[in-house]
Amino acid sequence: MSNIQSDLFSKSKTLVPGGVHSPVRSFKGLHTTPRFFKRAEGAYIYDVEDKKYVDFCMSFGPLILGHRHPKVEKALHEGLERGWSYGACEPYSLELAEFLLSKLPHVEQLRFVNSGTEAVMTALRLARGVTGRNKIIKFNGCYHGHVDSMLIKAGSGLAGEAEASSAGVPEGVAHDTLILELGDTEGLKQCFIDHKDQIAAIIIEPLPANNGLMVQPKEFLQFLRDITTANKALLIFDEVISGFRVAFGGMAEVTGIKPDIVTLGKIIGGGLPVGAIGASKFIMEHLAPIGKVYQAGTLSANPLAMVGGLSTLKEMTPESYKKIEEQTKKITTLLANWMKTYNNGQFNMFQITTYSSLFWIVPKENVTKIADIPANLTENFNKLFEVLLDRGIYLAPNAYEVGFVSLAHDDTVVADIAKRLDIKL
Ligand code: PMP
């Protein structure tokens, strides 16, 4: 790596804490500094020195069509010419809302916000406002953005007791979050006994994809549906990653299990800042200005984000979902075969778990909870990351992040990946 990149990082560190605007970009623990990118196109991203990488980070998920899809770009250009923020009612959010609702039969109304974090924050307040209860159950290994009450780790006391995992989160806030392991049905039953009539909601990523990819058995999600219904608590599916990625209707569509509230983000803005909360009309009308649960936003339903999302989603068809899954299989098969033989088997401990167009490189199959994850994952992943980076293949710089495949990762890109890995197709 040249001085250009490390100089930029040095400068960045003087201006921004740790040199980054989000910690996962920091290359922490790696022997190299973050790459600075200046442009992107299709399945590729280019650093400031014009080195071209196959991109599997894809902005952490929003770019399901790839970078700069011509139809999205055209819609954004047209949007720009109409002005990019009004702070008033406009028709563009209605078009996106109508489209989303047509694909989400379990949702009657939506409200747009600016990020997944904001969507979760609102969903939790809404669940508390609707039920009149304070406690929320969350699972170890599920990420729901940097909301105070979600930055929580397991405590040492009773089933579910928790403490803050970040400085600055008050104990009082942590006290109202109960934390359990994924799959722990007995712990959940006990929690509902210990905190009878106090639990407002269970929140889960129905496809946990922020601590690796920990695919849950459908029975567990059904158990959550049943236990929340039986206890008059709400079920929140955080589909910020899985929504419109694994299917139009996310994991709710794939499993047929209907949450009470869904949070969305990423793909529904096509790469512009967005989030959304959706639920029945009854639940949603608890929000201001009709209801007593306050929520607002200067830039909410930003017209550019609305057209970015709609123009992206209009390109998706049931066939696109099949195609992108097929491409993911081709790519992960190539990578897995390469890892078996590269440098006398240096990376042969790894296999690849996939779900739809998501993949995770991990030494173990069928990881469904944190305890299943091998302890030396990061050490091995960091070496792999650097070898791939050198060959122009860009993964998210952290062992616990998943890879994202887009529709731009077509067969030409697959052939290019093979070439970068010295594989003859
Ligand atoms: N929930 C889930 C499931 C997510 O994956 C993320 C982001 N990775 C968030 C919430 C937070 O979204 P944002 O980064 O847009 O605030």
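**Figure 1. Residues forming the shell around the ligand in the predicted model.** By class, this shell holds seven polar, five nonpolar and two charged residues; here Ala, Val, Leu, Ile, Met, Phe, Trp, Tyr, Cys and Pro count as nonpolar, Asp, Glu, Lys and Arg as charged, and the others, Gly among them, as polar. Ser115, Gly116, Thr117, Gly145 and Val240 come nearest of the 14 residues around the ligand, a residue being near a molecule if its C-beta atom, placed from the backbone, lies within 6 Å of it. With three residues, helix H4 (residues 116–131) gives the most to the shell; helices (H or I, at least four residues) and strands (E, at least two) are DSSP runs, numbered from the N terminus. Residue numbers start from 1 along each chain as its sequence is written. Because the model is predicted, local features need pLDDT of at least 70 and side-chain atom pairs count only at pLDDT 80 or more, whereas totals for chains, interfaces and linings use all residues.

**Figure 2. The surroundings of lysine 266.** UniProt, in an unreviewed entry, lists Lys266 for "modified residue: N6-(pyridoxal phosphate)lysine"; positions follow the numbering used here, feature names are shortened, and annotations may be inferred rather than shown by experiment. Lysine 266 occupies the loop between strand S11 (261–265) and strand S12 (275–279). The residue is buried because 27 other C-beta atoms lie within 10 Å; the class requires 20 or more such atoms within 10 Å, with exposed meaning 12 or fewer and partly exposed in between, all C-beta atoms being placed from the backbone. Leaving aside residues up to four places away in sequence, lysine 266 touches Gly61, Pro62, Gly116, Val240 and Ile241; contact means C-beta atoms, placed from the backbone, within 7 Å.

**Figure 3. Tyrosine 53 in strand S3.** Strand S3 spans residues 52–55 and includes tyrosine 53. Tyrosine 53 counts as buried because it has 22 C-beta neighbours inside 10 Å. Its contacts, not counting residues up to four places away in sequence, are Tyr44, Ile45, Gly392, Ile393 and Tyr394. Phenylalanine 37 is 16 residues from tyrosine 53 in sequence, with a C-alpha to C-alpha separation of 10.0 Å.

**Figure 4. Contact between domain 1 and domain 2.** The domain assignment gives domain 1 (3–69 + 317–420) and domain 2 (70–314), with bounds from an automatic or database assignment. In the contact, 23 residues of domain 1 meet 27 residues of domain 2. On the side of domain 1 that touches domain 2, strands S13 (351–355) and S14 (358–362) each supply at least two residues, and S14 provides the largest share, three residues. This side divides into 14 nonpolar, seven polar and two charged residues.

Key: Two residues are in contact if their C-beta atoms, placed from the backbone, lie within 7 Å.
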